[in-house]
Amino acid sequence: DEVTEDSIVAIMPEFQAALAQAFAEALENAILNGDTSSDDPLLKVWNGILKGAHSLDIGTFSAQHIQQACALMGKLGVNPNEVVVVVNPAKFAEMVGWEEVSTVDKYGSQATIVTGELAKIYGKPVVVSAFVPDGVHALVFNRRAFLLGVRRGLRVETQRDIVKQTDILVTTMRADFIGVPYEEHTAVKIV
């Protein structure tokens with residue numbers, strides 16, 4: 001009670017927002033790294049994209065490896081509007097310095113030397129996620145090959161414990177994540 005009573009600003013909405021952000025990060029982690037055989041209760045809810053991804057073993061990571069991953073995906077790797085490239089922050093920092101995207105003569109006005117950002121590579125969106133594990137250069141996948149079904153969206157509920165004079169915040173969501181079966185590889189992890 002003292003925290004909320006003594007606070008100049010309403011603190012409960014801040015707690016709720018922080019809880020919602022933590023939940024969103026846990027959901028992202030489960031979508032990428034979910035594994036039903038995991039001991040981690042946050043990851044064992046379903047098998048994530050990396051669990052079934054085909055491996056492309058390489059040496060030094062380069063832009064051409066993204067195209068190789070797409071080639072391994074067959075028809076699922078062709079449409080740049082359906083293919084996503086996910087990297088961790090360290091790999092993204094490396095990619096921004098690639099010769100193919102860093103200079104104006106090669107990448108035009110969107111060159112990373114000018115903008116400091118890399119939105120696409122070969123027309124495919126680049127997404128940065130802290131949940132791409134070390135040892136994985138990039139995860140390339142077709143977004144049509146995975147479905148997130150939401151039965152009930154994020155709910156943050158509060159219950160008052162009058163004995164302890166505290167508020168209990170609980171976050172829940174009813175959802176499932178599945179990979180759609182295709183003959184081709186739906187995802188390739190570049191390692």
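At 40% relative accessibility, Gln165 counts as partly exposed, a class that lies between buried (under 20% relative accessible area) and exposed (over 50%), using a 1.4 Å probe and protein chains only. The model is predicted: local features need pLDDT of at least 70, side-chain atom pairs count only at pLDDT 80 or more, and totals for chains, interfaces and linings use all residues. Residues are numbered from 1 along each chain as its sequence is written, and side-chain values use heavy atoms, with hydrogens and water left out.

**Backbone at two loop residues**

- Gln165 is placed in the loop between strand 6 and strand 7; helices (H or I, at least four residues) and strands (E, at least two) are DSSP runs numbered from the N terminus.
- The phi of Gln165 is near 55°, a positive value in a residue other than glycine.
- Tyr122, in the loop between strand 3 (120-121) and strand 4 (124-128), has a positive phi of about 55° although it is not a glycine.
- Tyr122 is partly exposed, at 37% relative accessibility.
- Most residues other than glycine have a negative phi.

**Helix 2**

- The 22 residues of helix 2 (residues 12-33) should span 32 Å at 1.5 Å a residue, and the 31 Å between its end C-alpha atoms agrees with this; the expected span is 1.5 Å times one less than the number of residues.
- Buried in helix 2 are Met12, Leu27, Asn29, Ala30, Ile31, Leu32 and Asn33.
- These buried residues pack against strand 2 (83-87), strand 5 (138-142), strand 6 (146-161) and strand 7 (166-179), where contact means heavy atoms within 4.5 Å.

**Nonpolar cores**

- The largest nonpolar core has 24 residues, and Phe61, Ile66, Met95, Trp98, Ile121, Val140 and Ile190 have the most contacts inside it; such a core is a set of buried Ala, Val, Leu, Ile, Met, Phe, Trp, Tyr and Cys residues joined through side-chain atoms within 4.5 Å.
- At least two residues of this core come from each of helix 3 (63-72), strand 2, helix 4 (89-96), strand 5 and strand 8 (187-190).
- Helix 3 gives the most to this core, with four residues.
- A second, separate core of 18 residues includes Ile31, Leu32, Val86 and Ala145.
- Not counting residues up to four places away in sequence, Phe61 touches Ile66, Lys91, Glu94, Met95, Trp98, His137, Ala138 and Ile190.

**Helix 6**

- Val104 lies in helix 6 (residues 104-107).
- With a relative accessible area of 47%, Val104 is partly exposed.
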